[in-house]
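Me: I am new to reading protein models, and I would like to learn how to go through one feature at a time. Could you take me through this one?

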2 protein chains.
Amino acid sequence: MNGADCVVKTLMAGGIDVCFANPGTSEMALVAALDRSPGMKCVLGLFEGVVTGAADGYARMTRKPAATLLHCGPGLANGLANLHNAKRARSPLVSIVGSQATYHQAFMPPLQSDVEATARPYSDWVRTSLTTQDVGLDTALAIKTASHNGGQVASLIVPANVAWQEGASLRSLPPQVALRAAPQKAIEDTVAILKSGEPTALMLAGDAALEAGLRPAGRIARASGASLRAMMFNPRISRGGGLPALVPVPYNVDQALASLAGIKHLILVGADAPVAFFAYPGKPSSLVPADCEISVLASPGEDAVAALEAIASEFPKTADAAPGQASSKPTLASGDLTPDAISQSLGALIPEGAIVTDEALTSGRNLYAMTAAAAPHDWLQLTGGSIGIGIPLATGAAVACPDRRTICLQADGSAMYTLQGLWTQARERLNVTTVIYANSAYAILKQELASMGVSNPGRNATDMMDLGRPDLDWVSLATGMGVEAKRVTTAEQFNDAFKASLGVKGPFLIEAAIGNR
Amino acid sequence: MNGADCVVKTLMAGGIDVCFANPGTSEMALVAALDRSPGMKCVLGLFEGVVTGAADGYARMTRKPAATLLHCGPGLANGLANLHNAKRARSPLVSIVGSQATYHQAFMPPLQSDVEATARPYSDWVRTSLTTQDVGLDTALAIKTASHNGGQVASLIVPANVAWQEGASLRSLPPQVALRAAPQKAIEDTVAILKSGEPTALMLAGDAALEAGLRPAGRIARASGASLRAMMFNPRISRGGGLPALVPVPYNVDQALASLAGIKHLILVGADAPVAFFAYPGKPSSLVPADCEISVLASPGEDAVAALEAIASEFPKTADAAPGQASSKPTLASGDLTPDAISQSLGALIPEGAIVTDEALTSGRNLYAMTAAAAPHDWLQLTGGSIGIGIPLATGAAVACPDRRTICLQADGSAMYTLQGLWTQARERLNVTTVIYANSAYAILKQELASMGVSNPGRNATDMMDLGRPDLDWVSLATGMGVEAKRVTTAEQFNDAFKASLGVKGPFLIEAAIGNR
């Protein structure tokens with residue numbers, strides 16, 4: 001068996017049956033091996049950021065890794081930004097990267113670069129398979145590493161000759177590592193805090209933010225008076241349909257501080273402690289009050305759901321909805337097409353079982369709150385701050401869940417980084433409705449520059465924050481990649497287009513002209 | 001003065017007056033400083049690969065660095081692929097990258113990553129300015145480093161607080177480093193080789209491949225019988241109008257070996273020795289005959305033009321055209337729109353003073369040879385093998401030379417990696433004619449897979465090499481970014497569209513439907 005066949009067979013033995021790919025010449029043996037493995041679904045992205053972002057979306061929905069296949073150092077480099085987001089989402093991901101043949105590298109061919117060094121800052125684990133004999137074991141290790149610690153990015157570099165040479169052998173995988181139990185002391189300490197009556201917040205992420213964790217968390221909140229919080233940006237939250245609601249930390253530093261003021265205990269359940277997204281002169285880095293004690297109930301890789309259930313059992317049984325959450329859907333918006341009008345209509349129109357990817361940024365300020373009472377759905381966010389994830393994330397989520405509608409809520413400036421993902425949606429006939437918030441600006445930068453004291457920017461600043469001159473025409477861009485699209489300028493048009501999109505088999509894009517608001 | 005003003009003032013004192021940019025929040029102080037410096041031209045790219053590729057094109061035409069401004073590790077990561085190409089082109093480039101404030105990094109905010117480690121594999125020099133006091137000196141050093149050794153990528157990381165704090169001071173730059181003279185012994189050895197009568201090739205790159213180097217090289221070739229060669233892929237070659245012609249090394253290994261067979265002496269003049277682009281089973285890595293002696297007349301950073309003039313003076317004065325080169329333009333092609341028909345027509349239609357960027361790949365096999373007798377022009381290629389350079393490279397070349405027509409010859413698959421550059425062409429009203437070779441395939445991969453013995457690929461391989469289902473519609477894609485475009489299906493239509501494009505003020509795109517040839 002050659003190295004390439006061994007890699008593919010090992011992936012499949014490890015339960016990986018989707019490969020998002022943008023291969024090149026040095027991956028041809030791997031492409032040939034994939035071609036001999038029809039049980040592996042290969043999904044082409046026309047840019048590497050689409051590939052890695054899709055693998056992230058797939059992993060968030062399936063909680064298992066996809067493989068990615070990229071070409072040499074520069075091809076990997078194009079995928080790093082969304083690998084960063086995947087790493088911050090703790091998405092399991094097996095990143096296979098081809099490289100020049102081992103003996104060819106010293107000749108410094110044009111496409112030679114240090115692939116390991118390229119991978120390292122955006123991977124939890126990196127290895128180069130230097131021999132065909134080892135590539136089976138290395139692939140097995142990559143798969144196990146990806147699922148460890150709650151989800152990791154494992155990068156395996158496979159030189160061309162290691163892939164094409166004979167002499168590889170399959171290695172059996174050790175059994176799946178189960179989640180570790182959360183420490184008993186952490187459970188006991190959490191119960192004591194919750195029973196102390198002091199103002200306490202539980203911050204939930206990972207499995208704790210899905211239904212199985214939200215239900216016991218809701219009972220705990222109702223019984224103890226604790227609040228349920230989410231991080232500023234979250235890999236995935238299950239919402240709607242009466243599930244206990246998590247309140248995220250606001251992006252704006254002052255609002256975040258106000259939102260967390262008075263809390264004496266912050267209990268992390270698979271989550272990270274809240275910090276400011278960026279530093280600002282005179283503002284703090286940590287968002288947690290100085291007299292608030294932070295404790296950890298469950299770390300990533302620990303069984304947060306079991307820990308929440310154990311804690312809930314220490315309280316009298318109650319309903320599992322947290323207090324004070326919205327209970328009835330909003331009505332459809334009408335009139336001007338503002339970001340809030342879109343949020344209001346989405347609250348009414350998000351269909352049951354939808355997957356929502358949220359990279360609406362400035363246009364989505366009230367989006368999360370205004371969709372709290374929608375039909376049950378999952379909410380996926382930009383976890384690592386590297387914009388350009390929305391379209392790929394929706395693509396991967398839709399590959400994972402072809403029978404659910406994926407709704408991609410997407411700022412226009414961010415959409416441009418990875419717009420190529422629309423083509424993959426058309427190729428795979430994925431049921432994705434993309435809403436482009438077309439304000440023709442990096443609106444967030446305008447806000448940030450104003451907060452630096454530049455209230456009347458000149459030509460250079462305007463040129464770098466304004467996406468007009470010319471305006472992007474998203475209907476043409478989508479059409480160019482085979483995705484049907486429509487531009488809307490009123491709330492009524494938006495409502496009609498959105499409703500119609502839900503019945504489309506395959507992708508549909510709505511350009512929501514929200515102007516320069 | 002704050003750190004950001006100091007960076008911008010130092011850049012301008014160093015002669016850098018163009019900044020290609022895609023900034024984010026952590027760069028707002030730098031954006032404000034650029035806004036206070038109207039003498040600096042800021043060019044926005046909607047994706048970072050556009051920014052770095054444009055800076056490369058600018059540098060190849062001006063031989064001086066532009067600055068780039070990118071956002072944190074992931075923003076830089078998106079620019080690395082074309083930074084790789086710039087590094088391999090020995091283009092001088094000052095890459096400024098913002099990062100989280102120094103004191104904020106330990107809080108591990110979502111967008112925190114190791115920016116230095118991200119930059120290092122694709123830079124010749126990397127430094128983080130840790131204090132506002134040092135940022136002036138560090139910027140000066142970056143500028144000098146960029147112009148050293150014939151052109152380097154210098155990456156300077158500027159944390160947000162280093163940019164916004166007061167206390168920076170301008171540092172005067174040391175005088176420009178002149179080119180070092182090539183070693184006298186190398187000149188004497190080269191003369192001896194050339195006078196030996198043994199089969200000899202001069203391989204020219206850098207300044208030696210521009211007019212000032214080509215003229216003495218042509219006289220040397222005519223007097224000595226040596227052949228004049230270029231590398232497989234070249235930063236810039238001046239051509240046409242009777243200039244001595246360089247013959248590049250073919251991409252195909254067997255053709256490359258045949259093309260270099262019999263040469264006993266290969267003399268490198270700012271060039272690298274030819275190696276196979278990729279390794280193939282049973283084929284050599286080096287393309288130079290085993291009994292050929294490789295010597296270096298001038299390394300990058302040495303004065304190759306003076307060395308060539310010195311050598312030419314050792315021979316009787318002759319005309320400066322190399323023997324055997326094409327002397328008359330081809331006629332316009334007619335009939336089927338094949339790659340060679342386009343090449344033939346381009347040979348007739350390339351206007352005097354044009355800048356041609358060549359990322360035509362498989363469609364451009366005979367392109368270079370068939371345009372040898374065109375009007376005088378410059379030819380820029382994909383130097384590092386990282387596809388997705390053509391549109392950005394043309395963009396930057398057109399910013400450098402707004403009064404010349406830039407012609408971007410572009411394979412469709414590669415174009416998709418950085419198509420966002422079309423928007424910058426529209427924004428800046430750049431005189432670029434883009435020709436998309438629309439064959440709806442990664443044609444090069446089809447060839448390479450066939451050479452791996454897979455002659456009848458199945459679904460997975462086809463899915464990864466075929467860009468159809470759906471076909472890309474380049475007229476819509478260009479229109480979506482404000483670039484006028486036309487699809488042509490015959491040679492006559494191509495000729496008409498290309499001629500018309502030369503009169504357009506601003507960009508124009510031609511989708512050349514060459515089908516699955």
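This is a predicted model: local features need pLDDT of at least 70, side-chain atom pairs count only at pLDDT 80 or more; totals for chains, interfaces and linings use all residues.

Me: How are chain A and chain B related by a turn and a shift, and what RMSD results?

Reply: As a general idea, two copies of a chain are related by a rotation about an axis and a shift along it. Here chain A can be laid on chain B by a turn of 180 degrees with a shift of 0.0 Å along the axis, and the RMSD is then 0.0 Å. The two copies are thus related as by a two-fold rotation axis. Both copies use the same surface, since 100% of the contact residues of chain A recur in chain B.

Me: What area do chain A and chain B bury between them?

Reply: The size of an interface is often given as the accessible area lost when the parts come together. For chain A and chain B this comes to about 8,000 Å², of which 64% is on carbon and sulfur atoms. Three residues, A:Pro110, A:Arg427 and A:Met464, supply 9% of the area that chain A buries against chain B, which is more than any other three residues. In terms of contacts, 96 residues of chain A meet 96 residues of chain B.

Me: How many salt bridges and polar contacts are counted between chain A and chain B?

Reply: There are two salt bridges between the chains, and 48 residue pairs are in polar contact. A:Arg427 forms a salt bridge with B:Asp463, where the closest N and O atoms are 3.9 Å apart. On the side of chain A that touches chain B, H4(A) gives the most, with eight residues, and the residues of that side divide into 54 nonpolar, 29 polar and 13 charged.

Me: Is helix H14 of chain B largely enclosed or largely open?

Reply: Ten of the eleven residues of this helix, which covers residues 390-400, are buried, so helix H14 of chain B is largely enclosed by the rest of the structure. Among the buried residues are B:Ile391, B:Leu393 and B:Val399.

Me: Where is A:Glu198 placed?

Reply: A:Glu198 lies in the loop between helix H8 (184-196) and strand S7 (200-204) of chain A. Leaving aside neighbours within four places in sequence, A:Glu198 is in contact with A:Lys264 and A:His265. A:Glu198 and A:Ala226 are 28 residues apart in sequence, and their C-alpha atoms are 8.7 Å apart in space.

Notes:
Residues are numbered from 1 along each chain as its sequence is written. Chains are lettered from A and ligands numbered from 1 in the order in which they are written. Side-chain values use heavy atoms; hydrogens and water are left out. Buried means under 20% relative accessible area, exposed over 50%, partly exposed in between (1.4 Å probe, protein chains only). Helices (H or I, at least four residues) and strands (E, at least two) are DSSP runs, numbered from the N terminus. Copies are superposed by least squares on the C-alpha atoms of residues with pLDDT of at least 70 in both. Contact means heavy atoms within 4.5 Å. Buried area is the accessible area (1.4 Å probe) that two parts lose on being put together, summed over both. A salt bridge is a side-chain nitrogen of Lys or Arg within 4 Å of a carboxyl oxygen of Asp or Glu. A polar contact is a pair of N or O atoms within 3.5 Å; within protein, one must be able to donate a hydrogen and the other to accept it, and residues adjacent in sequence count only if both atoms are side-chain atoms. Ala, Val, Leu, Ile, Met, Phe, Trp, Tyr, Cys and Pro count as nonpolar, Asp, Glu, Lys and Arg as charged, and the others, Gly among them, as polar.
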